[in-house]
Amino acid sequence: MAPTTTTSGRLAVAAKNLRPMSALASTAESYPTTHEKIANPEDTPYFIDNKFVPSETKEFIELYDPATNNLVTRVPQMTDAELEAAVQSAKKAFPAWRSMSVIARQQIMFKFVNLIRENWDRLAASITLEQGKTFADARGDVLRGLQVAEAAVGAPEFMKGEVLEVAKDMETRSYKEPLGVVAAICPFNFPAMIPLWCIPIATVTGNTLVLKPSERDPGAAMILVELAKKAGFPDGVINVVHGAHRAVNFLLDAPDIKAISFVGGNKAGEYIFSRGSANGKRVQANLGAKNHAAVLPDCNKNQFINAVVGAAFGAAGQRCMALSTLVMVGETKEWLTELAESAKKLQVNGESNQ
């Protein structure tokens, strides 16, 4: 059924097509630990009102295991009706969520942190399968996001306003209030860490969230929202949508979304900042954060080689701050051959993620 041109019509179509799933196939105790071919890959659902829902779209993005090129899943390019339904779910949930005390939201965040810890290896295994990191590196991906979730439990302290005594008979008070529905557009290189930059901070401060993980590795984000539901987040506080450029444009143009957070490359980030800002949204965009390094003659050669090999080639250079330019000063240019030999010893393979 084609969606109608009205918002109410689109929502009616989306609601009619809901076939909720209870949970994901993997659990904290059972998840893929090898790169064996998946016999019957399942399409990635979206997440709305605390339910996993198969998309009705006819457009899918195929996701392959980087180690074997085996099909892992198909990610939907969601319909406008489905995208609109996710935004409206977040909008509906906002009044009650913002009215909940920060102490009550903090208690949910405590549970969320504990569930991430319990599902740490499960999250890492999903990252290894879809994104291609080593298992150890994938666990580090989860760790950096977990640290943000842990910091978010301090909300009762950092949500405090201020009182300034201007004169004996006058004072100024400031309050910190949530914006409403906010959106996060995440990149492929840190499938757990960057969603976890967004989910805890956006929600513990009273906002509701529409999250779009990368269409190239959405599995970790889907696990995270399953854990969020178990932690006690109410229906609609966190919704997950999928797609490429069209989904991004929808979020940038949706009038009910008040702010956008993005991490990724310069070209996409500049576009998101321009279009989102033009629509009156607050936009934070973290772009192209590659590093440069200068090597001086008085440094320790072995430490230099080990540090540069890790910084430049770790995770295949797909870290936001990976080393992209090296300036070798004076006699250090003679170390270039040894640096290259050390880099050649790095292993690139698809061995078991455990």
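Modeller: Threonine 203 sits in helix α7 (residues 193-204). Helices are DSSP runs of H or I, at least four residues, and strands are runs of E, at least two, numbered from the N terminus. This is a predicted model: local features need pLDDT of at least 70, side-chain atom pairs count only at pLDDT 80 or more, and totals for chains, interfaces and linings use all residues. Residues are numbered from 1 along each chain as its sequence is written, and side-chain values use heavy atoms, without hydrogens and water.

Colleague: Is threonine 203 buried or exposed?

Modeller: Buried means under 20% relative accessible area, exposed over 50%, partly exposed in between (1.4 Å probe, protein chains only). Threonine 203 has 1%, so it is buried.

Colleague: Which residues does threonine 203 touch?

Modeller: Contact means heavy atoms within 4.5 Å. Leaving out residues up to four places away in sequence, threonine 203 touches Trp97, Arg105, Met109, Cys198, Phe233, Val237 and Ile238.

Colleague: What covers the buried residues of α9?

Modeller: In α9 (residues 245-253), the buried residues include Phe250 and Leu251. Their cover includes α2 (80-99), β8 (208-212) and α10 (266-278).

Colleague: How many disulfides does the structure hold?

Modeller: A disulfide is a pair of cysteine sulfur atoms within 2.5 Å. The structure holds zero. Take cysteine 320: the closest cysteine sulfur, in cysteine 186, is 11 Å from its own, so too far for a bond. Cysteine 320 is partly exposed, at 23% relative accessible area.

Colleague: Where does valine 166 lie?

Modeller: In strand β5 (residues 162-167). At 47% relative accessibility, valine 166 is partly exposed.
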